[in-house]
Amino acid sequence: MNKQTIDDIQVAGKRVLVREDLNTPQDGSGAITDDRRIRAALPTLKALIEKGAKVIVAAHLGRPKGEANPKFTLAPVSQRLSELLGRPVIFVEDILADNTPARLAALKDGEIALLQNVRYYPGEEKNDPAFAEKLASFADVFVMDAFGASHRAHASTEGVAHHLPAVAGYLMQKEIDFLSGALENPGRPFVAILGGAKVKDKIGVVKNLLSKVDTLIIGGGMAYTFLKAQGKEIGLSLLAEDYLEECKSVLVQGAGKILLPVDAKIVDKFPLGLSEEDRKALQVGVVSTDAIPADREGVDIGPLTIAKFSAAVKGAKTVVWNGPMGVFEDEEFATGTRAIAQAVADSNSLSIIGGGDSAAAIEQLGFADKVSHISTGGGASLEFLEGKQLPGVVALLDK
């Protein structure tokens, strides 16, 4: 996938609208608790500033549902962005205010402004042509750098590209290069690891990857539906009954490629949210996946599975991982996820972590600097791996 980037166009003296993913977590006072997404945007923004562009940044925060809500203001993001860039960032409180076009037109070469949360406006998520045209009227060029929002056909991600020349920023280019490289020309053996709770979120990815990988590892809550499809007793473990037949079909197609858990850590009650008293009484054990009791629930992979999965990862040249192996939010049941993170980190593979919970897990467990790439887009990376066309990527100019 070969898209034009900011290095392929002239931006000096031009107004450049840049869509970034600045959806940063904040505490109750509005203080930013994790600025990684802001930092990820810096290479593109610094390059545009250095090239003499007049930079106008669009972004979203949370789900204000088309209404102005102080809880979701980008004002704290503007302040943090200013600190990281070491220069003033003009904050535009209302995109549709009468004076906004004049304020943005007055930007000098190398200056930067951040627009208020685009999701304050109903036209954003509806991809309203009038709102897209309004955003486009502020600029001469559009740069899409928000991979995490590229699977959404919104006014600021796809709509504006119908009005302006549209190219990729550095973060977007990096995401496309890593993910498309893994799918189109992977080093072999190519191992994919899929976990997490929901079969419905991953079944399309499973199907698309089957023809591309050498080994497909399935863990996490979604694995139990596949185990049930094999005719095994899974007790109270997660089951997506509507997908049983589809899982059976996938197991036939993937015979010899798919690895499933052979043992599991089981409990008598789901561990998250238990009272202190119930937690002390929690019954925990490890059993073969051929012997899960009817009144128990699998919450992590067991030691034999860890060894089996780790051995598959050890010899890989390319690894793509999306989704934890168990209830990793609970320290007692993060063992499997931690072990797989360790295996990926220790491998000599090109390793790509597909955003979302798996990205949170590998960062939480301290392995972020030992993998090749952590995607900034959970949902977007999933859809990319599923083979879907992402609206925010398709809209960009080809080289």
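Reply: Ser-156 is found in the loop that runs between β5 (141-144) and β6 (166-168); strands (E, at least two residues) and helices (H or I, at least four) are DSSP runs, numbered from the N terminus. The model is a predicted one, in which local features need pLDDT of at least 70, side-chain atom pairs count only at pLDDT 80 or more, and totals for chains, interfaces and linings use all residues. Residues are numbered from 1 along each chain as its sequence is written, and side-chain values use heavy atoms, with hydrogens and water left out.

With a relative accessible area of 2%, Ser-156 is buried (under 20% relative accessible area, with a 1.4 Å probe and protein chains only). Not counting residues up to four places away in sequence, Ser-156 touches Arg-19, Val-118, Glu-124, Leu-135 and Phe-142, where contact means heavy atoms within 4.5 Å. With Glu-124 there is a polar contact between the two side chains, at 2.8 Å (a pair of N or O atoms within 3.5 Å, one able to donate a hydrogen and the other to accept it; residues adjacent in sequence count only if both atoms are side-chain atoms).

Glu-124 is also among the contacts of Arg-119, as are Gly-62, Glu-125 and His-154, leaving aside neighbours within four places in sequence. Arg-119 lies in the loop between β4 (112-115) and α4 (122-125). A polar atom of the Arg-119 side chain is 3.2 Å from the backbone oxygen of Gly-62. Arg-119 is buried yet has no salt bridge, and the nearest side chain of opposite charge, Glu-125, is 4.3 Å away; a salt bridge requires a side-chain nitrogen of Lys or Arg within 4 Å of a carboxyl oxygen of Asp or Glu. For charge, Lys and Arg count as positive and Asp and Glu as negative, while His and the chain ends are not counted.

Methods
Buried < 20%, exposed > 50% of the residue type's maximum accessible area, 1.4 Å probe, protein only.
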